[in-house]
Amino acid sequence: MPAETPGSGGIQRYWSSPSDPPLARVSRAQGLYVWDTAGRRYIDVTSGPVTVNLGHGNERVLLAMQEQASRICFAYPSTFESESNVRLGERIAAEARMGLEHAFFVSSGSDAVEKCLQFARRHALASGQTARYKVISRNPSYHGSTRATMALAADQGYAPYLPPGQAGTQVPAPWSYRPPVGMDAAAFAAQCAEALRATIQAEGSETVLAFIIEPVMGFCGGADHAPPAYYRRVREICDEFGVLLIYDETISGAGRTGKFLAAHWWPGANPDLVILAKGIGGGYVPLAAFLAPARLVDVVVRAGGFHFGHTHKGHPLACAVGLAVLEETLERKLMERATELGTYLRGKLEGLKGTIPLVGDVRGLGLLNAIEIVASQTTKAMLPRSLDVIGRIQAIARAEGLLIYGRRSHAGKFGDWIMVTPPLIATAADIDEIVEGLARVLGIYCNELCAARIIDVAS
């Protein structure tokens, strides 16, 4: 290999300096395990960034990729219809149900959110609701890293990248672990729903286009979700004012929670539009989509259609892989497995509370779970905000042979958590290995904090 020259290196060079210790170089992967070029093995605790639902090296997916690539990889959808695009759209619509008949395929979750919002605006224009353009989101939230999607979050870290005045409008997200003093989780969730109604009125209901939420929160909320009444009330409010309800299921969709969509857990609260990403491509290809009902699509088509997209929309190779991922998920009954193993996993994680005082809360749905890290289980106090809690836990985890994806959002205002989201193919034995590894990692970090007098276990 040629020697590295200044400025060479991978994408990591954009966030690390030449003096930083180099990351291990990946060599291969199979199932839940990844090996680096030094032969070191890691178990994937979080499915990468909650993406590798089928694990690595799935034969069916690799064969589908090879077969499609041998025929054609790329065809632009304004010129050709591809069988893989049509079949995947039909299969996803059948699993999504709720009248979500049509899928618009793109390459990433950020992309899908942006296209979904553009489609919503296109529908407003086509239906004579030209004043509707405002999108309300929640605080905290994360819906992507384009300029438009960053504006949906109230994360001050994004503010320097947004044009003046582009910051969006947010309402509080319902928290189950730290609701305001004097309120339980249900009461706070009800208050959050009514905050939506008040905000729509304050903004001018005729100007509000949509309300977007993660029904089960991802990295910005550590797998938290609200009581069923919250989703039903939000649906009622959106109906009252003609506001579109969008579920961003980038993380929670594709079977991760034990149902194809997390929305299926809450009857009577069906969204108008749904975003899917990550798990629908399983990490094998960049693939995402937004789903829309015919009642909206038909209005747009009659007005001239929705032509916004990019070079790789409806990509035949990506869609062929997505179809194989979906078929494998369904035929192996991995959604049912996520429900069963998720219950087992949370039970094992709850057991860590007795021996590791850093474990404050364990929460989730199916195999979308998180552990909240605290300074005190009794007071629920956070660790000092000056600490890079997640970064340090990740470093210890790598040294112990565990891969944990995570990040601190909103400058840590709402807490620190690590996601525990193994591939849907995980077994009970894999869960045991993961929890035993997490116990080691968190035990090491707890000892470090005690030695530095940051926490006092005796108290």
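1. Phe219 has a relative accessibility of 5%, so this residue counts as buried (under 20% relative accessible area; exposed is over 50%, partly exposed in between; 1.4 Å probe, protein chains only). Phe219 sits in the loop between strand S7 (208-213) and helix H7 (228-241), and Tyr405 in the loop between strand S13 (402-403) and strand S14 (416-420), 186 residues apart.

2. This is a predicted model, in which local features need pLDDT of at least 70, side-chain atom pairs count only at pLDDT 80 or more, and totals for chains, interfaces and linings use all residues. Residues are numbered from 1 along each chain as its sequence is written, and side-chain values use heavy atoms, with hydrogens and water left out.

3. The whole structure holds 13 aromatic pairs. Rings of Phe, Tyr and Trp (its six-membered ring) pair if their centres lie within 6.5 Å; planes under 30 degrees apart are stacked, over 60 edge-to-face, the rest tilted.

4. Phe119 and Phe290 make a tilted pair, at 5.4 Å and 40 degrees. Phe119 belongs to helix H4 (residues 109-126) and Phe290 to strand S10 (residues 288-292), so the pair ties together parts 171 residues apart in sequence. Helices (H or I, at least four residues) and strands (E, at least two) are DSSP runs, numbered from the N terminus. Phe119 is buried at 3%, and Phe290 is buried at 3%. Ring pairs link both into a cluster with Phe104, Phe306 and Phe308.
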